[in-house]
Amino acid sequence: MIWKRRLRDGLLGLGLLAALAGLMAWPEEVASAGRDGLALCGNVILPSLFPFFVVSSLTVGLGLAEYPGKVMERFMRPLFGVGGRCASALVLGLIGGYPVGARTTAELYKTGQCSRGEAERLLGFCNNAGPAFLFGVVGSGVFGSPRIGLLLCGIHMLSALVVGVLFRFFPVPEEPRGGIPAQNKVHDDVHPAAVFAGAVRDSCAAVLNVCAFVVLFGVILRLLNLSGLLGAAARGLSSLFAPLGLGYPWAKRLLGGMLELTNGVAALPAGDLAGGLPMAAFLLGWGGLSVQCQTMSVLRDTGLSIKPCLVGKLLHGLISAALAVPALRLLPGAAEAGLVCGRPVQSQVWPEFGTVLLLSAAGAAALLGLLLRLSVEGQGKKGGNSTRRRL
């Protein structure tokens, strides 16, 4: 055990020294990568994630997951092996983007609204890319066709649900640990103003944490490119792509996307959908190492294992790639749209702040309105039943 620890510490030390050497060797390039990461955060990450972070905190803090949970119990339990209240994490994860689903799951677990087993099973399929990213960045920005974004969105959501069904049989502990209560907490004495203030405060800190990982991994990817390490690894991997008719460039795009999702999909060629679409589907399902680190940060104080999420995202990517090839035939005009698009420049890949904010805010507002309506109806039915009992 001692030599393993020393080996780990030595490798980490060498990695830090290599990173410092890269910062000194290519200061301008590293600064450019940092600026690109900040631009991505400003144009896409902040407007797309912040509204859903607030909604997820309000959903859990106000107990709004209780009433939809009673309706969804009949579907969530037999299909995915989790309780009905977990439906809020699944829905928010499908329409909110990384890592909204994981954050909602962590909140449900910390407040005792789901067990440890349900939370870890849920992590395998509730943490997904959002429609704003799929339509704005990948569909319109990379491939130049909103229809391709729609196709990828359908593949992405379907694959997530398939992984959820498979995770019905995933072996996870069914009892909570770490002192987190299994019983449901009562939200009747919660003050909405206090919950709202806390939701905004916590969401601001969470989205800044996500942005930090995005910038960091953008810089790391640039350093790996400049040093030639990414190219060397891609040359070693390219032999695996030879039977598929793909070579070194595709291996390099795959490795880059597995590290950082946005830069990976932005490097895909718009005119080659036969290879670009399945790889985009895989990268979107996997999410990139940057997203996995964001998820680990969200789960830091919960004691939940990251292993189900890693396994689930790998399955998600593989299933999505397998579905992408036959699914492309469903949109016959998509191939022509991609061929005439040409390769987008980086500024074209990132949509305008206002567009992303409008889409995200509209989706978050619609979801919050639905939850509030279900909550009011549930309270009304509860009050009516108690009145009838008194009579």
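Leu17 counts as exposed because its relative accessibility is 55%; exposed means over 50%, buried under 20%, partly exposed in between, with a 1.4 Å probe and protein chains only. This is a predicted model, where local features need pLDDT of at least 70, side-chain atom pairs count only at pLDDT 80 or more, and totals for chains, interfaces and linings use all residues. Numbering starts from 1 along each chain as its sequence is written, and side-chain values use heavy atoms, leaving out hydrogens and water.

Leu17 lies in helix 1, residues 2–25. Helices are DSSP runs of H or I, at least four residues, numbered from the N terminus.

Now helix 7. Is helix 7 largely enclosed or open? What counts is burial: 10 of its 12 residues are buried, so helix 7 is largely enclosed by the rest of the structure. Among the buried ones are Phe133, Leu134, Val137 and Val138. Just after helix 7, Gly144 has a positive phi of about 65 degrees.

Next, the backbone at Pro99. A cis peptide bond joins Tyr98 and Pro99, with omega about -15 degrees. Pro99 sits in the loop between helix 4 (87–96) and helix 5 (100–110). Most peptide bonds are trans.

Last, charges over rings. The cut-offs: NZ of Lys or CZ of Arg within 6 Å of the ring centre and within 35 degrees of the ring normal. Arg103 lies over the face of Phe53, 5.0 Å from the ring centre. The charged end of Arg253 sits over the ring of Trp250, at 4.8 Å from its centre.

Conventions:
Helix = DSSP H or I, 4+ residues; strand = E, 2+ residues; numbered from the N terminus.
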